[in-house]
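Here's a quick look at a protein–DNA model. Have the structure open as you read.

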2 protein chains.
Amino acid sequence: MRAGEKAYATLRGDIVDWRLPPGTVLAEVELSARLGVSRTPVREALARLTAEGLAEPQSGRGTVVSGISLDHVEELFELRSALECRAAELAARNRDREVFLELHRQLCDAGRLLTDQDPTRHSYYRLAGELDTAIDAAAGNHYLAQALKSLRVHLVRVRRLSKDNPSRLREAAREHGDIALAIANGNATVASAATTVHLDNSLRHLLQGGATP
Amino acid sequence: MRAGEKAYATLRGDIVDWRLPPGTVLAEVELSARLGVSRTPVREALARLTAEGLAEPQSGRGTVVSGISLDHVEELFELRSALECRAAELAARNRDREVFLELHRQLCDAGRLLTDQDPTRHSYYRLAGELDTAIDAAAGNHYLAQALKSLRVHLVRVRRLSKDNPSRLREAAREHGDIALAIANGNATVASAATTVHLDNSLRHLLQGGATP
DNA sequence: GCTCCCCTCAGTGTATACATAGATGCGAAA
DNA sequence: TTTCGCATCTATGTATACACTGAGGGGAGC
C-alpha cells in the first residue's frame, strides 16, 4: 500500500473511532514519526481529512481534529434526511424487487442477530450497511452516492457519542425492514416516508443518549 | 497568496471555464513549470481537485480532468433538487422576512437586467447567487451548505454546455421570485414546490440545448 | 509475419533540506 | 507590577533529489 494511503487510512480510522478525539493537534512531524513515513504523505493525508471535514486548519497554522457534538447532530440528520429520502425514492423506482424482498426478510429476522453475544453489533451493522449499499446501487446516481458516502463518515463518529441500546436496535431493524419493503413494492412515497420516520426516531433516541444506528 | 492555493485556484478556474476540457492530462511536472511553482503545491492542488470531483486519477497513474456530459446532468440535478428543496424548506422556517421580500422585489424586476448589453449576464447571475446565499444563510445548516457548495462547482461547469437564452433567463428569474416569495411568507411546502418546478424547467431547457441557470 | 519478452524511460511516490512565518517567552521600561 | 517589544524557536510551506513502478517500444524467437 502507498505510504500516503496508509497514513490516511490510519488517521481516518483513529479519528472515526475516537482514538484521536476532537481538538487533537495533528502535527506533521510528530505524525510522520509515529506512522513511520515522511512528512509528504502525511501532508497528503491531512489534506484529504480536511477536505472530508474530519480535520480543520487551526488559525492558519496546524491542523486539529474537527469537533462534533450533539449541536451538530441535528444539522447532520437534516442533510442525511434530504439525501436518504431522495435515494429511497429513486431506489423504489429502479429497484430489483427480489433484492429488497430478501433484505426485508433478513431485517425482519434481525432480532436474532441482536440476541447473541456480539457486543459490537457487527452482524447487525453489516446488514444495515448492506441495505444502504443496495439503496445506493438501485438509486443509480453517482453524485448522490458520493454525497452519502462522505456524510456517513460523520455518522459513524456520531454513533460513538452514545451507547448502543438493544431495544432501540430492534426497533431500528424493523424500521429498516419497512424501508426495504416499500422499495421492494416500488412505492417511492412510502419509502421516503419510512426513511423520514426512521431518521426521526434515530435522532430522538440519540439526543436522549440512547442508541441510534 | 500561498503557492498551493494559487495553483489550486488557477487550475480550478481553468477547469470550470473549460480552458482545460474533460480528459486533459494534468501532469505534475508540466503544471509545475507552467504555474511557476514546484511539484509539491501542484500535488496539493491536484489532491483537492480530485476530492472535489473535478479531476480523477487515471488508471492508478496520473490525473485527468473529469468528464461531464448531459448524461451526468440528470443525476446532478437529482442531487441538486434534494438539497435545494430541503434548504428552501429550512429557510422558510427560519428566514428574515424582509430579506426575502427584498430579493423577491429585485427578482421580479430582473427583466431589466437582461435587456441591457451585458453578454455574460453577470448582473443576473449575481442576483441568483445572492438568493442562493440568502437561502443557505437562512437554512442555518453548515453541512447542507457545504454539500451545496461542492455541488455548485459542477453546476457552473454544466452551464457552459449550452448557450444562454434570454427568454428562459426571464422565466427563471420569475421562478426564483416565486421561491423568494414563498420563503418570505414562511411557507415551506410552497418553497420546496417552487424549487422543484424551477429545477425541472431548468433541466428540460438544458437538455434541449437551451439556457439553464 | 506475429507474438512475447525485455529494456528503457517518463512520470509519480517519497524523503529531506531549506525558507519562512507565527507563537511564545523573557526582559526592559513605564 | 504590568505591558510592550524583540529574539528565538518550532512547525509549516516549498523546492528538489532520489526511488520505483508501469507503460511503451523494439528486438528476437517461433
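## Ground rules

This is a predicted model, so local features need pLDDT of at least 70 and side-chain atom pairs count only at pLDDT 80 or more, while totals for chains, interfaces and linings use all residues. Residues are numbered from 1 along each chain as its sequence is written, chains are lettered from A and ligands numbered from 1 in written order, and side-chain values use heavy atoms, without hydrogens and water.

## Around DNA strand C

There are 16 residues around DNA strand C (a heavy atom within 4 Å), and A:Ala3, A:Ser38, A:Thr40, B:Arg39 and B:Arg43 come nearest.

As for polar contacts (N or O atoms within 3.5 Å), a polar side-chain atom of A:Thr40 sits 2.8 Å from a base nitrogen of DNA strand C. For the side chain of B:Arg39, an N or O atom lies 3.0 Å from a base nitrogen. B:Glu28 uses a polar backbone atom instead, 3.3 Å from a phosphate oxygen.

## Chain B against chain A

Each chain puts 20 residues into the contact (heavy atoms within 4.5 Å). The interface has 4 salt bridges (a side-chain nitrogen of Lys or Arg within 4 Å of a carboxyl oxygen of Asp or Glu). One of them joins A:Arg43 to B:Glu44, with the closest N and O atoms 4.0 Å apart.

Conventions
A polar contact is a pair of N or O atoms within 3.5 Å; within protein, one must be able to donate a hydrogen and the other to accept it, and residues adjacent in sequence count only if both atoms are side-chain atoms.
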